[in-house]
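User: I have a model open and want to go through its layout. Can you take my questions as they come?

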Amino acid sequence: MKLVTAVIKPYQLDAVKEALHALGVAGLTVSEVQGYGRQKGHTEVYRGAEYTVEFLPKIRVEVLTDEIDVDKIVDAIVGAARTGKIGDGKVWVTGVEEVVRVRTGERGLDAL
Amino acid sequence: MPEAPTIDSGNTVWLLVSTALVLLMTPGLALFYGGLNRAKGVLNMMMMSFSAIGLISVLWWFYGFSVAFGADVNGFWGDPGAYLGTKTFLAETDLWGATAENPSGIGVPLYVFMAFQMVFAVITVALISGAIADRAKFAGWLLFAFGWATLVYFPVAHWVWGGGIIGGDIHALDFAGGTAVHINAGAAALAVALVLGKRLGWPREGMKPHNIPLVALGAGLLWFGWFGFNAGSELTVDSVAGLAFINTQLATAAAVLGWIAVEWIKDRKPTMVGASSGAVAGLVAITPACGFIAPWAAVLLGIVAGVVCALAVSLKYKLGYDDSLDVVGVHFVGGWIGSLWLGLFATNSVNAAISDVVGASDGLLYGGGLTQLGRQALAGVIVSVWSFGIAWVLAFVIEKTIGFRVRAEAEVEGIDIAEHAESSYDLSPAGGGTGSAFAMAGIGTPGGGATSGARPEAESAEPVSAKAAG
């Protein structure tokens with residue numbers, strides 16, 4: 001089993017969700033995060049004082065999946081999240097040892 | 001034989017409405033300042049305004065009104081016993097401004113005039129709080145508010161409007177509070193900011209406004225209430241009230257344009273904080289002048305005030321004082337601009353009371369020479385020096401006795417939690433854990449309360465679904 005984690009631009013979330021839904025992904029977890037990559041932050045000016053906002057708002061999407069579907073899922077996220085501009089985000093895959101469905105106690109692939 | 005006193009219903013209604021309008025400005029100020037402040041100090045900032053409503057209203061009834069508007073004793077204060085809170089006045093016959101020849105005065109009950117002037121005292125004290133964001137002990141603030149109102153606002157209101165030295169002897173003009181309110185509060189704000197020192201991390205750390213829609217809402221309420229402040233200050237319903245009203249709108253509108261123009265050129269983008277601040281700067285500047293200048297001069301004044309105040313708010317970074325929310329840059333500077341403007345543009349052609357009542361002259365541009373400009377400057381200097389001096393001493397004494405500045409840990413953690421044990425925003429679905437309410441109500445331990453609280457919910461879910469199934 002794998003965990004696909006993506007950090008994307010907030011306004012790309014709907015596109016990513018649609019793309020995953022089209023693949024038949026049954027569930028995903030979304031959180032609001034902040035950070036920066038190569039695009040750094042931006043500046044804001046209040047009453048003549050300049051503030052550098054270093055951490056920009058991003059969305060982190062997490063999907064648990066079977067190993068067979070990993071590449072399709074990664075491609076779907078990358079395709080939907082890409083605007084071509086700096087700051088589009090990253091996607092990475094990590095291994096998962098165990099998954100349990102809380103309601104039934106099912107484990108492993110059955111719990112996905 | 002003099003006629004019997006009669007109440008003028010037009011004047012009385014307008015002053016009652018104006019009083020309510022001006023009162024709304026202080027909660028408006030709380031929102032304006034609260035939005036400009038950081039999220040961890042919003043409530044303390046708002047509390048300084050709301051506590052000013054509480055404390056100053058009662059002081060005003062008790063002795064403040066007497067000191068400000070009692071019969072002049074020596075040019076410095078009014079007879080403190082004149083309207084002492086222990087006295088009761090007959091609403092039908094005790095009318096403001098009544099004399100033997102004119103027993104009706106302006107036809108407004110004494111209590112209505114007292115209430116109208118009360119809300120001015122309230123907001124003047126509240127204005128100071130913007131300079132000391134996130135670092136003043138609440139008890140220290142209350143003590144300061146009490147001392148400053150007593151030694152500064154009440155006497156200064158007497159100097160300016162109660163027949164004291166500024167209005168009565170110097171013949172300086174101040175329609176609604178350029179000297180008495182804005183220069184006064186601005187000078188005190190600078191003094192307290194200096195005594196308390198800078199916020200930890202200022203100006204290295206970013207301390208940007210946490211909620212700009214609140215700033216806009218606060219500025220809007222201030223603008224709305226300011227019609228009562230300015231047009232109400234005519235005290236009667238007449239053409240000068242109309243002049244003050246239109247001038248208030250014109251100068252404020254022009255100041256919005258002036259402020260955002262500076263931002264657009266200097267900082268590349270016009271901002272909502274700038275538009276809101278420009279509105280307040282315009283309102284401040286037109287305050288002393290609204291009933292004494294022609295509308296074209298009000299437009300010009302608004303532009304100048306918007307531009308100059310937009311530049312003045314950066315002074316604190318150069319000079320190194322942490323006037324957190326720019327009370328000096330907006331109120332002190334704006335108050336000075338409006339007061340001096342009268343020395344240039346005041347004209348009897350819009351309001352004959354300039355010479356007839358106050359004994360003042362036309363401004364420089366209306367052939368009055370430099371006389372009135374000199375009077376306006378002298379009045380500004382007197383109020384600035386007195387307010388700054390007394391505020392500095394008060395703040396210093398409070399700091400050395402009960403302590404005025406909070407501990408560093410409290411400031412880092414956030415003054416809302418440290419001084420008031422509450423927080424502005426609870427946006428997390430978990431609510432930060434609410435079990436302690438059970439503990440305070442004496443129902444089990446916090447942990448036990450949370451568990452037993454969840455159980456009945458699960459049980460009650462069953463009958464509901466059974467009913468739905470049946």
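User: Which strands does helix 1 of chain A lie across?
Analyst: This is a predicted model. In it, helix 1 of chain A, residues 13-23, lies across strand 1, strand 2 and strand 5 of chain A. Helix 1 runs at about 10 degrees to strand 5 of chain A.

User: And helix 2 of chain A, what does that one lie across?
Analyst: Helix 2 of chain A (residues 70-81) lies across strand 1, strand 5 and strand 6 of chain A. Its angle to strand 1 of chain A is about 5 degrees.

User: What's the strand order in the chain A sheet?
Analyst: The order is 2-5-1-6, an open sheet of four strands with antiparallel pairing.

User: Which strands stand at the edges?
Analyst: Strand 2 (29-35) and strand 6 of chain A. Each has a single partner strand, so one side of each has no neighbour in the sheet.

User: How many degrees are neighbouring strands turned against each other?
Analyst: On average 20 degrees, with direction ignored.

User: Back to strand 1 of chain A. How many bridges does it have with strand 5 of chain A?
Analyst: Strand 1 (residues 2-8) and strand 5 (residues 56-65) of chain A pair over seven bridges, in the antiparallel sense. Within that pairing, Ile8(A) stands opposite Ile59(A) of strand 5.

User: How many with strand 6 of chain A?
Analyst: Seven bridges join strand 1 to strand 6 (residues 89-95) of chain A, again antiparallel. Here Thr5(A) is opposite Trp92(A) of strand 6.

User: Switching to chain B. At what angle do helix 8 and helix 9 of chain B pack?
Analyst: Helix 8 (residues 239-266) and helix 9 (residues 272-286) of chain B pack at about 135 degrees, with their axes 7 Å apart. That angle makes helix 8 of chain B oblique to helix 9 of chain B.

User: Is the crossing of helix 8 of chain B past helix 9 of chain B left-handed or right-handed?
Analyst: Right-handed.

User: Which residues make the contact?
Analyst: On helix 8 of chain B they include Ala251(B), Ala255(B), Trp259(B) and Glu263(B). On helix 9 of chain B, Gly274(B), Gly278(B), Gly282(B) and Leu283(B) are among them. The residues of this contact divide into twelve nonpolar, eight polar and one charged.

User: Last topic, the contact between the chains. How many residues does each chain give?
Analyst: Chain B gives twelve residues and chain A seven residues. On the side of chain B that touches chain A, the residues divide into four nonpolar, four polar and four charged.

Technical notes:
Residues are numbered from 1 along each chain as its sequence is written. Chains are lettered from A and ligands numbered from 1 in the order in which they are written. This is a predicted model: local features need pLDDT of at least 70, side-chain atom pairs count only at pLDDT 80 or more; totals for chains, interfaces and linings use all residues. Two residues are in contact if their C-beta atoms, placed from the backbone, lie within 7 Å. Ala, Val, Leu, Ile, Met, Phe, Trp, Tyr, Cys and Pro count as nonpolar, Asp, Glu, Lys and Arg as charged, and the others, Gly among them, as polar. Two strands pair if DSSP finds at least two bridges between them. Helices (H or I, at least four residues) and strands (E, at least two) are DSSP runs, numbered from the N terminus. Axes are lines fitted to C-alpha atoms, for helices over the stretch in contact, and angles run from 0 to 180 degrees between N-to-C directions. Angles under 35 degrees count as roughly parallel, over 145 as roughly antiparallel, 65 to 115 as roughly perpendicular and the rest as oblique. A crossing is left-handed if the near helix is turned anticlockwise from the far one by less than a right angle, and right-handed if clockwise.
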